Amino acid sequence: MRREGLVVSAWGAILVLHSLVLFAWQGTGWSPLLLMTAGLTSVAAGLVAAWRGRTPRLVMAPDLSPPAALLAVGVAVAAGAFVAGTWLAWLGGGIAVVAAAGIVRESLAMRREARR
Amino acid sequence: MTVAVLPGRGVIGWAVAADHKSVAARIAAAAGVFMALGGAVSLVMRAELAHPGMQVTSRDTYNELFTTHGTTMVYLVMVPLALALGVYLVPLQIGAAELVAPRVNLFASWLLVLGGISIYGGFMTAHGAARNGWTEFLPLSGESFSPGPGTDMWVIGVALADAAAILLAATILLTILTRRAPGMTMLRLPVFTWTVLVTCLLTLFGFPALEAALGLIEAQRHFGADIDPVAYLHLFWFFGHPAVYVMFFPFLGAVAEVVQVFSGTRLVGYRALVLALLGFATGSMTVWAHHMFTTGQVLNEYFAITSTSLLIFAGVEYFDLTATLWRGVVRFSVPMLFALAFLAQFAIGGLTGVIVASPVLDYHLNDSYFVVGHFHYTLFAGSMFALFAGVYYWFPKVTGRFLSERLGRAHFWLLVVGTNVTFFPMFALGYLGMTRRVADYPGRASLDWLNAVSSAGAAITGLAMLVFVWNLAVSLAAGRPAGDDPWAGHTLEWATSSPPPRHNFDRLPPIRSFAPLLDLREQRR
Amino acid sequence: MGGDGTRQAFDALFSAYVAVTTTALLVIGLALTLAVMRGRRRGSRPGPDPSRLELVYVAVLALAATALIAVSLVTERNVDARSATPDVRVAAVASQWRWSFTTSEAGRQTAPAADLVVPQGATVAITLRSTDVIHSMWVPEVRFKRYAFPDRTNQFDLEFPDTGSFEGLCAQFCGLEHDTMRFTVHVLDRQGFDAWLAEHGS
């Protein structure tokens with residue numbers, strides 16, 4: 001990735017411009033603040049994307065990943081704490097930790113395969 | 001080049017498959033189920049509204065229904081389908097074997113499904129499901145006004161679905177930026193991929209505001225925080241307006257592809273269109289407070305200017321698509337029928353949008369059925385027609401079979417009649433003083449017959465959708481087989497088998513423009 | 001002059017907008033039809049250079065947008081303007097699921113009532129708030145609505161050109177009985193209003 005990321009930054013820069021116009025017109029407030037936040041974030045994201053360098057030639061892609069699906073379950077269960085109490089946060093967190101461990105295991109296995 | 005790590009399939013395999021085509025299929029299947037539910041709900045709503053008086057439901061139930069309908073169609077159907085099109089097609093269109101971070105996409109697809117389950121789970125609680133609209137404004141969505149876990153389950157479900165969208169947008173965008181095949185510069189990206197790119201920008205930088213807004217609801221409900229209602233409105237609509245363009249751009253991209261292929265010519269004005277898309281996308285982020293014109297709390301003038309200006313970008317897109325039709329010879333297959341209907345009907349939606357972009361006009365029309373008509377013309381008579389254009393066009397690629405042309409035509413004509421009869425009367429209803437989100441309305445002559453007509457249209461629309469489901473079923477089972485390139489396509493997805501293999505391409509044709517296969521065909525002549 | 005005839009302003013602007021958008025829709029329909037029909041005749045001429053035509057077209061669009069914006073902003077300035085010396089003042093309060101109006105003029109003030117009574121043609125300065133959730137006060141007859149917030153007031157002027165009884169409703173979903181949260185605006189002629197105020201005010 002080289003200059004393509006700058007498309008994102010250019011898009012964000014226009015948002016920053018809009019926020020400045022709004023700020024000049026009406027002063028501080030939610031409107032210029034929201035635009036400035038989105039604008040600066042996208043400018044930064046585009047710069048990061050542009051500077052990060054080339055993608056490796058060989059990319060490992062897993063066919064199946066049960067831990068990734070399990071992580072979604074863990075997150076959803078943990079979110080249920082807002083409804084049914086803190087114990088769900090612990091349960092969901094536990095599931096998520098197990099899932100995360102599985103993801104790490106998968107990543108290590110893929111890295112080993114790539115080196116072979 | 002990618003290497004498969006774990007083999008195997010079966011039901012479990014289908015549930016945990018991380019390749020982008022399976023992820024897209026999973027999202028589309030879930031969205032299809034949610035669309036059936038959300039559509040059924042709308043039929044009950046229109047049955048209730050067909051005549052004044054409460055004949056079908058209670059007020060409470062009606063409020064749950066319209067909330068569920070909007071929530072489903074936005075968070076669980078149209079946004080996911082928009083992104084799912086990208087998940088499936090972007091790697092194929094740019095000559096890549098897979099999306100960036102497949103496990104993130106797998107994770108996101110399940111977040112979406114679980115989010116939908118949480119939202120619908122609200123119906124099974126003692127106090128019932130959320131019932132304050134897909135917007136759930138504070139203070140109404142607060143603990144004292146909306147007791148019970150249904151609203152919390154709604155908040156959780158929407159938060160999960162929103163997170164899923166953000167994650168998918170991130171991986172798709174990174175894929176477009178970093179995984180293009182050699183020779184595919186940014187200005188050789190197919191038009192559809194460009195529409196997905198801007199969709200990803202809107203999702204990435206607009207959708208997080210919804211998480212903040214949802215956080216405000218939970219802060220009120222669980223910590224008793226005193227939340228400024230205008231703060232919620234700003235955060236919600238800062239998400240909400242980009243959201244409607246997320247539910248538009250990829251479908252516009254599908255129409256652009258169909259128009260090119262079924263006119264037999266490449267797009268006229270490609271660079272203008274790309275610029276217009278980028279401009280439209282920046283514009284989409286700057287207009288949100290037109291939803292707040294009647295609050296008296298925002299700078300109406302600024303948002304009137306940005307909102308009205310959008311017509312310039314839309315106009316460029318219309319020009320280029322019309323010019324492409326002009327230059328080519330149109331084949332009236334079902335995808336082209338849906339594409340043409342989209343162009344005509346979205347224009348009605350867009351132009352009524354220009355009307356409500358004027359604050360004084362919005363002072364009367366806001367929160368009335370005029371707006372309901374406006375956004376159903378853009379989202380249903382517009383985007384969903386464009387979605388069907390894409391479905392009929394790409395179905396052979398995904399499944400290796402054609403959808404039935406005969407059933408497709410029946411589906412198309414029923415849907416054209418149905419949507420216009422359902423939604424056109426709503427402009428009059430709103431002008432005459434019918435507000436939205438009402439279980440009932442006073443029995444006044446003009447409101448009566450307009451509502452009755454609209455409800456009749458809804459029945460026809462429902463029938464049209466049943467014809468489509470039937471078409472899907474028979475075509476999946478025994479549709480006419482399709483080869484690699486049944487339509488004489490222009491873009492790379494047609495340079496591989498139908499359906500494509502796991503790694504998408506065995507070999508790629510030379511890429512010298514945004515229509516590589518058309519180039520090859522013209523070269524051979 | 002404040003609250004510049006909201007109905008008149010809306011009707012004029014709406015007519016202009018409908019004319020413009022209907023024309024645009026017809027042009028789009030015509031262009032699409034011609035474009036689709038054209039290719040069916042073999043050997044048609046290539047047509048004008050699209051990029052030049054597109055530039056002209058964009059200029060036309062920009063002009064149209066500017067004109068629409070200009071006329072909208074001018075109209076809005078007039079409609080939003082508030083008089084320093086309104087004839088009648090009304091305090092409007094929205095609650096789940098009823099309205100309450102307190103009318104005052106020249107030192108006389110009524111008790112809160114479920115319906116709104118105003119004199120014909122006068123400038124009515126309304127202060128609107130809510131006691132609970134967000135509501136919206138809509139009177140279709142004068143083509144105007146405003147949100148009612150629980151934590152701040154909205155102030156605006158209205159003028160009612162015709163006598164009669166007109167419906168008012170809540171236009172922002174506010175809970176279970178939102179659709180029945182209605183009121184009536186009784187517009188009386190000057191004498192009638194004076195008499196009413198004499199009877200109900202103190």
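Mentor: Let us begin with burial in chain C: of its 202 residues, 36% count as buried. A residue is buried if 20 or more other C-beta atoms lie within 10 Å of its own, exposed if 12 or fewer, and partly exposed in between, with C-beta atoms placed from the backbone. In chain B, buried residues make up 67% of the 525 residues. This is a predicted model, in which local features need pLDDT of at least 70 and side-chain atom pairs count only at pLDDT 80 or more, while totals for chains, interfaces and linings use all residues. Residues are numbered from 1 along each chain as its sequence is written, and chains are lettered from A and ligands numbered from 1 in the order in which they are written.

Trainee: Why is Ala114(A) called partly exposed?

Mentor: Ala114(A) has 13 C-beta neighbours inside 10 Å. Because exposed requires 12 or fewer and buried requires 20 or more, the count of 13 places Ala114(A) in the partly exposed class. The residue lies in helix α5 of chain A.

Trainee: Which residues does Ala114(A) touch, not counting residues up to four places away in sequence?

Mentor: Ala114(A) touches Leu58(A) and Met60(A) on that count. Two residues are in contact if their C-beta atoms, placed from the backbone, lie within 7 Å. As for Val48(A), it is 66 residues from Ala114(A) in sequence and 26 Å away in space, C-alpha to C-alpha.

Trainee: What makes chain C more spread out than a compact globule?

Mentor: The radius of gyration of chain C is 24 Å, well over the 17 Å that the globule rule gives for 202 residues, so chain C is more spread out than a compact globule. The radius is taken over C-alpha atoms, and the rule is 2.2 Å times the number of residues to the power 0.38. The C-alpha atoms of chain C fill a box of roughly 85 × 40 × 30 Å along the principal axes. Chain C is divided into domain 1 (6–80) and domain 2 (88–200), with bounds that come from an automatic or database domain assignment. The C-alpha centres of these two domains of chain C lie 39 Å apart.

Trainee: How many helices and strands are there in chain C?

Mentor: Chain C has three helices and 10 strands. Helices (H or I, at least four residues) and strands (E, at least two) are DSSP runs, numbered from the N terminus. From that end, the elements of chain C run α-α-β-β-β-β-β-β-β-β-β-β-α.

Trainee: How do you know that chain B is as compact as a globular protein of its length?

Mentor: Chain B has 17 helices and one strand. Its radius of gyration is 23 Å, close to the 24 Å that the globule rule gives for 525 residues, so chain B is as compact as a globular protein of that length. Its C-alpha atoms fill a box of roughly 65 × 50 × 45 Å along the principal axes. Among contacts in chain B between residues at least 6 apart in sequence, 83% join residues at least 24 apart; in chain C, the corresponding share is 69%.

Trainee: Which chains have the most contacts between them?

Mentor: Of the two pairs of chains that touch, chains B and C have the most contacts. Here 61 residues of chain B are in contact with 59 residues of chain C. On the side of chain B that touches chain C, α11(B) gives the most, with 16 residues. The residues of that side divide into 34 nonpolar, 20 polar and seven charged. In this scheme Ala, Val, Leu, Ile, Met, Phe, Trp, Tyr, Cys and Pro count as nonpolar, Asp, Glu, Lys and Arg as charged, and the others, Gly among them, as polar. No contact joins chain A and chain C, whose closest C-alpha atoms lie 15 Å apart.

Trainee: What makes the crossing of α3(A) and α4(B) right-handed?

Mentor: A crossing is right-handed if the near helix is turned clockwise from the far one by less than a right angle, and left-handed if anticlockwise. Helix α3 (residues 66–79) of chain A and helix α4 (residues 102–121) of chain B pack at an angle of about 40°, with axes 8 Å apart. Axes are lines fitted to C-alpha atoms, for helices over the stretch in contact, and angles run from 0 to 180 degrees between N-to-C directions. α3(A) accordingly passes α4(B) in a right-handed crossing. The contact has 12 nonpolar, one polar and one charged residues.
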